[in-house]
Amino acid sequence: MKYSYYPGCTLRTKAKDLDDYARASARVLGFELEEVEDWQCCGGVYPLGTDEIATKLSSVRALNAAKEKNQELVTICSACHHVIKRVNDDMKNVEDICTRANNYMELDTPYKGETKVLHYLEVLRDRVGFDELKKKVVNPLKGKKIGAYYGCLLLRPGKLLEFDNPENPKIMEDFIRAIGAEPVIYPYRNECCGGYISLKEKDMAKSMCDKITESAEGFGADMLITACPLCMYNLNKSSAKKIPVYYFTELLAEALGVKEVQAS
Amino acid sequence: MSSNKKKQAELIEEISGVNPLKCMKCGKCSATCPSYNEMDIKPHQFVSYVINEDVESLVNSKSLWKCLSCFACVERCPRDVKPGKLIDAARQMVVRQRNNTYLSPDEIPELLDPELPQQLLVSAFRRYRR
Amino acid sequence: MQRIGVFVCHCGSNIAATVDVSKVAEMALMEPGVVHAEDYQYMCSEAGQAKIADAIHEKKLTGIVVCSCSPRMHEATFRKAAERAGLNPYMVEIANIREHCSWIHKDMEEATKKAVILMRAAVAKVNLNTPLQPGESRVTKRALIIGGGIAGIQTALDIADAGYEVDIVEKTPSIGGRMSQLDKTFPTLDCSACILTPKMVEASAHEKIKIYTYSEVENVSGFVGDFTVDIRKKARSVDMDKCTGCGVCQEKCPSKKAPSEFNRGLNNRSAIYTPFAQAIPNVPVIDREACIKFKTGKCGICSKVCQAGAIDYEQKDEIITEKYGAIVVATGFDTINLDKYDEYAYSQSKDVITSLELERVMNAAGPTHGHLERLSDGKAPKEMVFIQCVGSRCSDDRGKPYCSKICCMYTAKHAMLIRDKYPDVNVTVFYIDVRTPGKNFDEFYRRAVEQYGVNYIKGQVGKVIPQPNGKLLVQGSDLLDNRQILKEADMVVLATAIEPNPDVRKIATMLTASIDTNNFLTEAHAKLRPVESPTAGIFLSGVCQGPKDIPETVAQAGAAAVKAIGLLAKDKLMTNPCTAHSDELLCNGCSTCENVCPYGAITYEDKEVNDHGIREVRRLAVVNSALCQGCGACTVACPSGAMDLQGFSNRQIIAEVDAICR
């Protein structure tokens with residue numbers, strides 16, 4: 001199975017691990033991530049204004065590239081996923097945005113939201129299947145108590161992201177079970193890490209992340225996993241934090257026995 | 001003067017796509033907001049500022065720069081008002097019209113550290129300036 | 001040629017301020033067949049009706065057009081007036097120049113033009129009207145009540161006391177409904193069981209009332225006065241005549257893991273069970289899904305211990321067919337599913353409960369024997385938080401757009417009872433608005449604040465955060481103090497929105513009774529006919545029609561009973577003569593009309609016809625005019641134009657359209 005793949009800026013730079021482990025694991029799981037040619041940065045935040053068009057075009061280009069290959073578009077970074085998924089929804093359901101974006105794009109066939117956007121975790125759940133994943137695990141992470149950190153962008157607004165129940169998600173917990181570890185459910189897993197606020201309001205982000213890590217530790221987590229480089233960065237700045245944070249793909253690669261191969 | 005105020009309020013409604021009259025003033029947005037304590041105008045108050053056509057106070061509010069766009073208020077609002085979108089629209093009005101941004105390139109170097117992901121800079125630039 | 005009189009009503013200024021009424025009357029005189037026209041201030045008044053009668057006599061009128069309000073309002077009034085003056089009532093037509101014209105337009109010239117057109121259409125129709133005679137149908141003097149809660153019980157008692165037979169069909173093993181689950185009732189704090197049980201006993205002992213519990217309505221046919229209903233009596237697996245209600249079977253039953261419906265799943269019951277101690281009838285049922293005998297074939301302990309020999313594993317469902325003149329729906333409510341409100345941690349924490357669950361916790365027969373304790377660890381709470389409007393007043397797609405109406409009062413009740421019995425427990429209520437209209441209601445709420453020190457905070461809760469130490473952190477707004485509150489609580493109670501019993505959709509379909517977008521049954525008129533369904537012979541009792549508390553439910557139950565009695569007291573009913581009929585020579589036997597008829601009034605028969613000298617047997621549509629409600633669906637569906645509606649014939653409708661387009 002081949003998917004179009006949108007890595008995004010950070011997975012090419014500061015979060016190379018997140019990307020490398022994802023690709024290595026994909027090979028074991030029998031699917032391929034074909035990087036969208038000449039992809040451009042999604043902008044990191046979804047432009048909320050109803051009159052924003054230009055800021056959405058990079059996402060539309062990636063979406064259209066996948067459409068032309070007749071492939072589903074896979075993302076990993078929570079921010080990229082959020083932006084691209086929502087822009088796709090605009091193209092499908094908001095006539096004004098769709099028309100104006102297509103006016104800029106000058107495509108042979110207008111893009112109207114045809115591409116299906118999948119987060120890597122959704123590929124694991126809906127295409128590979130967690131039961132199948134479990135069968136491929138050679139190195140189960142037995143005894144590890146892992147807290148899933150979802151943050152905001154994967155879940156909200158629930159109606160548009162359609163990722164999971166935004167107030168009580170389970171996809172990452174199911175993933176944790178599939179790689180042989182034990183999920184720890186804690187109430188701050190869907191609360192914000194501070195996001196971009198951490199550039200200028202470092203203390204605000206810190207206090208938010210303190211609540212998250214304290215809650216996860218309080219419920220007995222040995223570690224946290226995340227899909228987002230910015231969440232990772234913010235959580236690591238938490239002064240209260242005593243447990244490590246990993247990208248979910250790193251633990252996936254470890255469970256599938258391809259972590260060392262990758263590192264070499 | 002008053003017609004200008006009205007226009008500003010209408011612009012906020014247009015950019016945000018939000019109908020502030022749907023609000024029933026339950027306060028769930030403010031109950032849910034992780035930045036609440038940092039905000040001078042609280043999320044639930046944004047609605048009345050728009051209804052009262054006091055956009056001036058909104059665009060001068062500290063709250064614009066404290067909202068995380070975490071969408072918790074959008075998700076949990078029982079009236080589908082989406083206060084976070086109102087805040088963003090006010091922020092847009094500032095960065096679009098006054099060329100008055102919250103982030104200048106000069107201050108970037110001292111904000112950087114070796115782990116800082118590109119995504120953070122990109123996002124902050126999108127939210128804070130044109 | 002008809003001799004038509006046109007009467008234009010001013011309706012005070014309702015019509016006359018926007019429509020030039022004298023102009024309409026003047027224009028009417030130019031219409032074919034019109035021999036008399038006049039306008040008057042209030043046509044519906046006695047003086048107005050007298051004008052119509054006088055004109056009928058003096059001008060020898062054969063048809064009448066009244067230009068006035070909606071026919072829903074006064075068609076019957078004017079028809080009766082005409083009838084008293086010796087005219088067939090179906091020779092009267094209404095041109096609605098109020099709701100359809102004056103109320104919705106501002107420009108007098110334009111509105112007058114439209115009123116004239118509406119008048120013309122009505123005149124054109126009357127020119128083709130023919131006198132119609134209503135038929136008669138019989139009335140079965142027995143009522144059916146669907147639902148055995150307080151609403152159904154009260155309606156049944158009132159109808160039975162008037163001397164008519166009543167059957168109650170209740171889905172669960174006992175009558176009693178939601179009220180039997182409540183601990184105390186507002187605003188007087190009497191024990192719910194103490195006031196309900198006597199009513200249950202009275203209903204069960206009443207010689208005119210028959211109760212079918214563990215039964216469901218399966219099929220309804222017929223029409224007002226003459227319904228035929230199939231009732232499925234589900235196999236109880238216990239012989240009701242033999243059982244003495246000793247309860248030994250329930251004690252000895254080894255399967256005790258089925259969640260108790262009565263206690264909202266907070267504890268378990270045996271597979272053979274009566275839902276609660278005061279159940280009526282006091283005869284258990286076997287839950288076949290939970291019963292070991294039914295699952296594995298082994299066990300049979302209940303049968304062995306039953307001295308009366310009442311256990312019958314072979315019992316089968318039984319269908320009873322019964323005739324009724326009137327049907328009362330009293331299907332009640334349930335609380336909404338909280339899956340979409342996980343921010344309140346209902347599914348994550350046992351100490352977050354709904355208000356109905358709290359009723360069971362506070363009740364001596366409940367899972368904690370009436371002790372207020374946390375369901376997670378049995379500890380006594382010190383801090384309790386109540387959250388109002390959970391799922392009510394929501395215009396998103398998670399909750400209900402309406403106010404559930406009862407929550408403000410029962411929360412004040414809970415808060416007060418807790419502060420009274422456990423003075424060391426602090427109670428905080430997060431509310432959006434406190435709504436307490438009703439006799440002694442606001443006084444009740446104020447007592448909770450002033451006498452019992454319940455802490456009311458105006459603001460909704462955003463999230464309930466379970467803590468590692470087992471407590472619950474409640475993050476809410478205090479809008480009056482303009483601050484965000486973090487309050488640590490031991491228990492959180494959610495005032496969960498109520499919704500109509502999910503079965504009501506199925507039942508409404510069987511009864512062809514309409515329901516609104518929230519699945520509440522629609523009343524015939526929101527103000528003037530609040531306990532009747534628009535479908536004749538169907539009456540509404542209790543929350544199935546809209547949220548209401550016990551006093552309101554009981555009042556409405558009585559009102560529904562009176563309406564049903566009014567129907568049952570009649571020996572015969574006049575039937576609507578405006579029914580469909582099929583032209584045998586045009587019918588092509590296609591079944592389209594049969595498929596669209598919502599009342600099952602059309603059947604097909606093989607009949608011999610004489611088509612221009614050719615005799616042959618054809619498959620033809622036949623309308624049962626007793627069942628036909630005159631909706632006209634068949635007439636528009638019929639591809640060959642064979643179906644026609646008396647009083648609204650195709651010719652009449654076309655004449656109206658022609659007059660409008662002239």
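**Domains, interface, sheet and helices**

A: The centres of domain 1 and domain 2 of chain B, taken over C-alpha atoms, are separated by 24 Å. This is a predicted model, in which local features need pLDDT of at least 70 and side-chain atom pairs count only at pLDDT 80 or more, while totals for chains, interfaces and linings use all residues. Residues are numbered from 1 along each chain as its sequence is written, and chains are lettered from A and ligands numbered from 1 in the order in which they are written.

Q: Into which domains is chain B divided?
A: Domain bounds come from an automatic or database domain assignment. Here chain B is divided into domain 1 (2-98) and domain 2 (102-130).

Q: How many residues of the two domains are in contact?
A: Two residues are in contact if their C-beta atoms, placed from the backbone, lie within 7 Å. On that basis 4 residues of domain 1 of chain B are in contact with 5 residues of domain 2 of chain B.

Q: How many residues of chain C are in contact with chain B?
A: The size of an interface is often given as the accessible area lost when the parts come together. Counted by contacts instead, 18 residues of chain C meet 17 residues of chain B. Strand S24 (461-466) and strand S25 (472-478) of chain C each supply at least two residues of the side that touches chain B; strands (E, at least two residues) and helices (H or I, at least four) are DSSP runs, numbered from the N terminus.

Q: What is the order of the strands in the open sheet of chain C?
A: Two strands pair if DSSP finds at least two bridges between them. The open sheet has 5 strands in the order S20-S27-S21-S22-S23 of chain C, with parallel pairing, and its edge strands, S20 (352-354) and S23 (455-458) of chain C, each pair on one side only. S20(C) pairs with strand S27 (residues 491-496) of chain C over 3 bridges, and C:Ile353 stands opposite C:Val493 in S27(C).

Q: At what angle do helix H11 and helix H12 of chain C pack?
A: Two packed helices are described by the angle between their axes and the distance between the axes. Axes are lines fitted to C-alpha atoms, for helices over the stretch in contact, and angles run from 0 to 180 degrees between N-to-C directions. Helix H11 (residues 355-362) and helix H12 (residues 407-421) of chain C pack at about 30 degrees, with axes 11 Å apart.
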